[in-house]
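Please examine the sequence and the three-dimensional model shown below. The paragraphs that follow lead through a few of the model's features in turn.

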Amino acid sequence: MVFSALTILTALEIGITYIPGIGHTSMATALVGLALGKAWTVGWFFMHLGHETRVLKLTVALPFAFPAIYAFALIADAAVRFAV
């Protein structure tokens, strides 16, 4: 089941790159969303987070938030610098 889910998500990622007329922002958003879905699937099944306590789930999930926050800060900084 997990192999099938990861295979389908990977096929969707490849398929999105071949959609004609899709904008770069839409494509990047879709690819990041699919990558997050794959990461969640791996964490839930292979790291057995589905059967763990809330504290352990947060111990794994919270560090994933920090790179995202940092990325948004860098993107905002670049947007401000290039807008000037």
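Predicted model: local features only at pLDDT ≥ 70, side-chain atom pairs only at ≥ 80, totals over all residues.

A pair of aromatic rings is described by the distance of the centres and the angle of the planes. For Trp 40 and Trp 44, the ring centres are 5.4 Å apart and the planes meet at 20°, so the pair is stacked; the limit for stacking is an angle under 30 degrees. Both residues lie in helix H2, where they are four residues apart, or about one turn of the helix. How exposed are Trp 40 and Trp 44? Trp 40 has a relative accessible area of 52% and is therefore exposed, because exposed means over 50%. Trp 44, with a relative accessible area of 32%, is partly exposed.

Helix H2 also holds Thr 41. Thr 41 has a relative accessibility of 7% and so counts as buried, since the limit for buried residues is under 20%. Which residues is Thr 41 in contact with, leaving aside its neighbours within four places in sequence? They are Val 2, Leu 6, Leu 9 and Phe 46.

Val 2, Leu 6 and Leu 9 are among the buried residues of H1, together with Glu 13 and Ile 16. Seen down the axis of H1, these buried residues fall within an arc of 85°, and they therefore line one face of the helix. In general, an α-helix has 3.6 residues a turn, so residues three or four places apart point the same way. The buried residues of H1 pack against helix H2 (24-45). On the face of H1 turned away from its buried side are the exposed residues Phe 3 and Ile 8. As for its dimensions, helix H1 covers residues 2-17, which is 16 residues, and it reaches 23 Å from its first C-alpha to its last, close to the expected 22 Å.

Terms used. Residues numbered from 1 in each chain as written. Heavy atoms only, no water. Helix = DSSP H or I, 4+ residues; strand = E, 2+ residues; numbered from the N terminus. Expected span 1.5 Å × (residues − 1). Buried < 20%, exposed > 50% of the residue type's maximum accessible area, 1.4 Å probe, protein only. Arc of directions from axis to C-beta. Contact = heavy atoms within 4.5 Å. Phe/Tyr/Trp six-rings, centres within 6.5 Å; stacked < 30°, edge-to-face > 60°.
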